[in-house]
Amino acid sequence: MELTLPHDLSPWGMFMAADIVVKAVMIGLAFASVVTWTIWLAKSLELFGGKLRIRRAVRAIGKAATLKQASSTLDRSGGPGALLVRAAEEETALSAGALDHVSGDGLKERVTSRLSRIEAAAARRMSRGTGVLATIGSTAPFVGLFGTVWGIMNAFIGISQAQTTNLAVVAPGIAEALLATAMGLVAAIPAVVIYNVFARSIAGYRQILADASAGVERLVSRDLDFRTVAPAAPLAAE
């Protein structure tokens with residue numbers, strides 16, 4: 001029996017000649033790679049815009065002398081920075097009737113609680129989608145390995161049917177197996193790298209959120225102190 005090597009061992013040729021199971025594995029890995037790069041683009045833009053807004057809010061809060069002044073500065077801006085200031089204003093307004101009879105410690109605790117919830121919600125919102133990257137990075141190599149094992153099984157089946165170990169019999173199965181392995185790595189490596197980059201970037205975003213929250217708490221504390229001071233004193237401070 002005369003056996004010849006396949007003429008087309010290009011990636012596309014190997015894909016077209018592959019078994020239906022290996023084709024399904026390759027298509028799934030290609031889709032996972034597309035999802036990875038789509039998340040990278042969308043999340044990069046989201047992180048860039050989110051950090052830009054919260055940094056502006058931190059600067060505005062740092063420059064403000066009172067909570068009302070910070071609120072007027074951030075009145076038209078969106079993002080969690082403005083939410084932090086509005087939440088502190090709302091809690092202060094709700095507690096205004098009791099502040100003449102009790103200390104401001106309870107108000108500070110309530111403001112801190114509301115600000116922490118806003119911080120957590122903003123961090124969760126910014127983290128959406130990164131779990132998909134972790135899943136792809138951890139499972140893609142094993143999915144590619146499944147395609148590899150299936151391709152090698154096809155190679156051994158070819159050997160059994162042809163009753164020969166000629167390279168022409170083994171080559172197609174080995175080729176599709178190696179292509180499945182390569183596609184698994186192509187899908188997994190960028191997903192892991194991008195996930196780690198986003199994890200560090202989101203940690204930095206959370207730190208800026210914490211800075212904004214601390215600035216709002218300082219404004220609330222300052223306003224409470226000036227409630228017992230003559231009106232001219234806060235004006236002079238401003």
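This is a predicted model: local features need pLDDT of at least 70, side-chain atom pairs count only at pLDDT 80 or more; totals for chains, interfaces and linings use all residues.
Modeller: Local features here need pLDDT of at least 70 and side-chain atom pairs count only at pLDDT 80 or more, while totals for chains, interfaces and linings use all residues. Residues are numbered from 1 along each chain as its sequence is written, and side-chain values use heavy atoms, with hydrogens and water left out.

Colleague: What makes residues 80–94 helix H4?

Modeller: A helix is a DSSP run of H or I with at least four residues, numbered from the N terminus. H4 has 15 residues. Its C-alpha span, first to last, is 21 Å, close to the 21 Å expected at 1.5 Å a residue; the expected value is 1.5 Å times one less than the number of residues.

Colleague: Why is Glu91 called buried?

Modeller: Buried means under 20% relative accessible area, exposed over 50%, and partly exposed in between (1.4 Å probe, protein chains only). Glu91 has 10% relative accessibility, so Glu91 counts as buried.

Colleague: Why is Glu90 called partly exposed?

Modeller: Glu90 has 43% relative accessibility, so the term is partly exposed.

Colleague: What makes Glu90 and Arg114 a salt bridge?

Modeller: The term requires a side-chain nitrogen of Lys or Arg within 4 Å of a carboxyl oxygen of Asp or Glu. The closest N and O atoms of Glu90 and Arg114 are 2.9 Å apart. Glu90 lies in helix H4 and Arg114 in helix H5, so the pair ties together parts 24 residues apart in sequence.

Colleague: Which residues are linked in a network of salt bridges?

Modeller: Glu90, Glu91, Arg110 and Arg114. Glu91 meets Arg110 at 3.1 Å, N to O, and Arg114 at 3.3 Å.

Notes:
Helices (H or I, at least four residues) and strands (E, at least two) are DSSP runs, numbered from the N terminus.
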